[in-house]
Amino acid sequence: MDFSQTKAMFHLPEGMIYLDGNSLGPLPKAAAARVQSTIQDEWGEMLITGWNKAGWMDQTTQLADRIGRLIGAPAGTMVLGDTLSIKVYQALASSLEMRPGRKVILSDSGNFPSDLYMAGGLVGSLKQGHVLKVVAPEDVAENINEDVAVLMLTEVGYGTGRIHDMAALTSLAHGAGALAVWDLAHSAGAIEVDVTAAGADFAVGCTYKYLNSGPGGPAFIYVAPQHVDGLRPALSGWLGHAAPFAFDQDYQPGIGIQRMRVGTPPVLQLASLGASLDIWDQVKMADVRARSIELSELFIELVEKSCPSLTLASPRDPRARGSQVCFRFGQGYAAIQALISRGVIGDFRAPDVMRFGFTPLYIDEGDVRCAAEILAEIMATDAWDTEAFRTMAKVT
Ligand SMILES: Cc1ncc(COP(=O)(O)O)c(C=O)c1O
């Protein structure tokens, strides 16, 4: 696969090396015109008739099916909408309802805090004696037992990029009679995923990271085909109704995955997502993953050679690591600010993690070498050690 062709399809600001596609993907060049056309030709000219004439409503499943190809989800098992936190809530609430009598939601301390917060919020609302049990990532397997209603994990940890074995843990969960909800925020478009082969009951993820839909782009949810028709959606919004425009007083869940819709879809974000998926449609995840490993390995090698004060926080084995590489450094926040001031964009995760994403669609070997060189220079000269770089911004 020639990734120089996909790189040419992204707008990357002059002089910037963008190693943060694991937080917010860059702008596909075609997205601006696509959104502009959705605004002018569809919203502007069609107004309310755009829902039918421009097919706005169907975008939530049509685009979801294209993401499905990247994560092994068959057509008709995914829908887009809302934010990932909401989709986590929906998947968890349905799981608990499918396992009455079981009280434990099992998760790990490497999970993204919002997932844990949403679980805690759900437990508090249900008031049925459920508990959220959070164990260390390496202790998950041994804590799967017959008290567990649902295992809720993020496959690739946001902090260090550690990968959980989705198939093995799902199989353990099923063996104990529990369900498995997988958060694929750092997996979809980053590593090869097969939710069907792994037997996942639910999978959720966002589109603004590796899938480049832009800030605030919609999340997706996958429900295993054998479960979907029996699900009672906890967030029973009108667009998940079997006949939203019948305006019934009583809720009837929509057919299949349609019931996991909640409210009005974000049409402009769906337009930018469509432009990004036009690029994704041209690549194979196996090629993306192989290249991402090459780039990550090169970065680790160069940084370890030239920056002795940084320690690798990510797994050393590339098969156990997602598409990001993290290093620990006590003044990691300041070091990242110094890098950003030199045009290399990474990010910082408290307390001391410097995080770099390797996204082959638009990052090449030259970028990796250049970023490592600038990092080495910043560390060698303590260029990070200024008041301005140590002052924390609201979003890190
Ligand atoms: C693993 C993971 N889960 C959940 C979230 C929350 O997503 P949202 O802000 O779309 O609700 C994020 C956000 O970055 C995340 O990385």
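Residues are numbered from 1 along each chain as its sequence is written. In this predicted model, local features need pLDDT of at least 70, side-chain atom pairs count only at pLDDT 80 or more, totals for chains, interfaces and linings use all residues, and side-chain values use heavy atoms, with hydrogens and water left out.

**Exercise 1.** Find where Thr-60 sits and what its side chain reaches.

*Solution.* Start with the helix. Thr-60 is found in helix H4, residues 59–71 (helices are DSSP runs of H or I, at least four residues, numbered from the N terminus). Next, check burial. Thr-60 has a relative accessible area of 2%, so it counts as buried (buried means under 20%, exposed over 50%, partly exposed in between, with a 1.4 Å probe and protein chains only). Then take the side chain. It reaches the backbone oxygen of Met-57 at 3.0 Å. It also makes a polar contact with the side chain of Arg-261, at 2.9 Å (a polar contact is a pair of N or O atoms within 3.5 Å; within protein, one must be able to donate a hydrogen and the other to accept it, and residues adjacent in sequence count only if both atoms are side-chain atoms).

**Exercise 2.** Describe the surroundings of Gln-90.

*Solution.* Gln-90 lies in helix H5, residues 84–98. Its relative accessible area is 1%, so Gln-90 is buried. Not counting residues up to four places away in sequence, Gln-90 touches Ile-221, Leu-235, Met-260 and Val-262 (contact means heavy atoms within 4.5 Å). Now look at Val-262. Gln-90 and Val-262 are 172 residues apart in sequence, yet 9.9 Å apart in space, C-alpha to C-alpha. Last, the side chain of Gln-90 makes a polar contact with the side chain of Lys-87, at 2.7 Å.

Terms used: Helices (H or I, at least four residues) and strands (E, at least two) are DSSP runs, numbered from the N terminus.
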